[in-house]
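This report describes a structure for a reader who is new to the subject. Please keep the sequence and the model in view while reading.

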Amino acid sequence: MPDIIGGSLAGATAALALLKLGQPVTIYEKSKFPRHKVCGEFLDAAAVDLLSDIQLEGTPITETALIWPNAQTRFALPRPALGISRYRLDHILLMQALREGAIVHEQVGKPHDKAIIAHGRKPISQKGERLFGYKAHFAGPTNNAVELYFNGIGYTGVNPVENGLTNVCGIAKEEDLKDVQFDGDKFIARQPHLAKRLEGRTRQMEWLFTGPLFYGPTENTRGYPCGDALSFVDPFTGSGQLCAIATGQLAARSIAKGLTPTQHIEACRQLLQPAFRWSTLIRKSLSWPLVPYLAQLIPGQLLYRYSRPTLSPLQTRR
Ligand SMILES: Cc1cc2nc3c(=O)[nH]c(=O)nc-3n(C[C@H](O)[C@H](O)[C@H](O)COP(=O)(O)OP(=O)(O)OC[C@H]3O[C@@H](n4cnc5c(N)ncnc54)[C@H](O)[C@@H]3O)c2cc1C
């Protein structure tokens with residue numbers, strides 16, 4: 001019976017895929033669900049497709065806005081995404097795996113060579129500038145857009161989730177957050193265009209922080225890694241959850257087919273690498289001074305398409 005280390009998006013979807021193939025699983029999840037998690041909570045349309053067996057209720061997101069202090073561009077998404085909190089989504093998936101027969105141990109699991117490794121990002125020692133993520137939910141008027149407010153190297157995403165809530169989540173340099181003693185309200189107040197957007201909304205939870213964040217493939221993984229345990233994609237693309245769900249399902253198929261961990265990692269690499277290359281390039285370019293103006297000339301749907309993995313080969317193998 002395969003062990004799965006981590007029962008969040010990648011782990012729970014790997015479990016559901018194995019159970020569907022008739023293989024029993026044991027999940028180790030160290031946190032008690034439901035729980036909040038730092039995430040933009042923008043679930044790409046392709047991820048919604050991969051979870052089509054499960055009923056998910058959130059808010060459709062139909063539009064994207066890229067907003068700089070002095071310029072902005074808006075475009076319709078090719079297909080609606082879903083705004084749904086991790087509090088709700090992760091709990092639904094883990095409960096579904098439990099109902100379908102997974103054994104769930106609410107405890108730390110030890111990674112090993114035959115396990116599916118879905119434990120998310122692991123801290124690494126990093127020199128130089130460090131980035132941290134932050135997030136809180138707000139009550140008040142909502143819309144159907146994901147709006148990204150850029151501020152130098154950092155940015156904040158604002159989008160609806162369920163129950164009339166708006167998620168405010170972003171990435172900032174550690175020193176900028178230290179400057180405000182990691183006080184999210186003060187941090188927002190320093191960005192007038194974002195502060196104006198949140199006028200009339202009331203924060204519903206304590207600010208959560210996570211980090212340091214390190215983008216790219218994880219080194220020295222064991223077993224069958226998936227999700228952030230395999231590789232962490234820059235969150236601005238809103239495709240980390242899609243990658244976690246897709247590679248969770250891929251890990252299940254790799255085990256069912258008897259692939260070696262190396263063969264599994266190669267299959268994941270083929271799926272993810274093009275998206276990682278483009279997302280890194282696009283992300284870096286967003287802080288160049290002329291980009292706010294140039295971005296208005298580039299079709300937004302092109303940026304969108306090139307910043308995420310192509311899933312057609314995977315989908316046809318479901
Ligand atoms: C600031 C920020 C914004 C983001 N915004 C978006 C967005 O809008 N859209 C999007 O698609 N993606 C976004 N992402 C990325 C997305 O959150 C991740 O890609 C996704 O959470 C990865 O899922 P996962 O299951 O691989 O890992 P995680 O969600 O990190 O889950 C890992 C799980 O493993 C458990 N665990 C860890 N170690 C052990 C252990 N030893 N034993 C047992 N359990 C263990 C943890 O408790 C956790 O529940 C964002 C990320 C950040 C940081």
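## Helix 1

Helix 1 has 12 residues, and its first and last C-alpha atoms lie 16 Å apart, close to the 16 Å expected at 1.5 Å a residue. The expected span of a helix is 1.5 Å times one less than its number of residues. Helices (H or I, at least four residues) and strands (E, at least two) are DSSP runs, numbered from the N terminus. The model is predicted: local features need pLDDT of at least 70, side-chain atom pairs count only at pLDDT 80 or more, and totals for chains, interfaces and linings use all residues. Residues are numbered from 1 along each chain as its sequence is written.

A residue is buried if 20 or more other C-beta atoms lie within 10 Å of its own, exposed if 12 or fewer, and partly exposed in between, with C-beta atoms placed from the backbone. Just after helix 1, Gly 22 takes a positive phi of about 85 degrees.

Ala 14 is found in helix 1 and counts as buried, because it has 34 C-beta neighbours inside 10 Å. Two residues are in contact if their C-beta atoms, placed from the backbone, lie within 7 Å. Leaving aside neighbours within four places in sequence, the contacts of Ala 14 include Ile 4, Ile 116, Ala 118 and Cys 226. Ala 14 and Ala 244 are 230 residues apart along the chain, yet their C-alpha atoms are separated by 9.4 Å.

A nonpolar core is a set of buried Ala, Val, Leu, Ile, Met, Phe, Trp, Tyr and Cys residues joined through C-beta atoms within 7 Å. The largest one holds 81 residues, of which Ile 4, Ala 14, Ala 15, Ile 116, Ala 118 and Cys 226 touch the most other members. Helix 7 gives the largest share of this core, nine residues. In soluble globular proteins, nonpolar side chains tend to be buried together.

Helix 7 has 18 residues and reaches 25 Å from its first C-alpha to its last, close to the 26 Å expected at 1.5 Å a residue. Of the 18 residues, 15 are buried, so helix 7 is largely enclosed by the rest of the structure. Gly 258 follows helix 7 and has a positive phi, near 75 degrees.

Which residues of helix 3 are buried? They are Arg 86, Leu 89, Asp 90, Leu 93, Leu 94 and Ala 97. Seen down the axis of helix 3, these residues fall within an arc of 120 degrees, so they line one face of the helix; the arc is that of the directions from the helix axis to the C-beta atoms. An α-helix has 3.6 residues a turn, so residues three or four places apart point the same way. The cover over the buried residues of helix 3 includes helix 1, strand 2 (26–28) and strand 6 (103–105).

## The shell around the ligand

The ligand is surrounded by 35 residues, the closest being Gly 40, Gly 120, Gly 133, Gly 227 and Gly 240. A residue is near a molecule if its C-beta atom, placed from the backbone, lies within 6 Å of it. The shell divides into 16 nonpolar, 15 polar and four charged residues. Here Ala, Val, Leu, Ile, Met, Phe, Trp, Tyr, Cys and Pro count as nonpolar, Asp, Glu, Lys and Arg as charged, and the others, Gly among them, as polar.

Helix 1 (9–20), strand 11 (165–173), strand 13 (208–213) and helix 7 (240–257) each supply at least two residues of the shell. The largest share, four residues, comes from helix 7.

Most residues other than glycine have a negative phi, and most peptide bonds are trans. A cis peptide bond joins Phe 33 and Pro 34, with omega about -5 degrees, and Pro 34 lies in the loop between strand 2 and strand 3. The bond from Gly 211 to Pro 212 is also cis, with omega near 0 degrees; Pro 212 lies in strand 13.

Gln 181 has a positive phi, near 55 degrees, and is exposed, with 8 other C-beta atoms within 10 Å. Phe 182 has a positive phi of about 50 degrees and is partly exposed, with 15 other C-beta atoms within 10 Å. The loop between helix 4 and helix 5 holds Phe 182.
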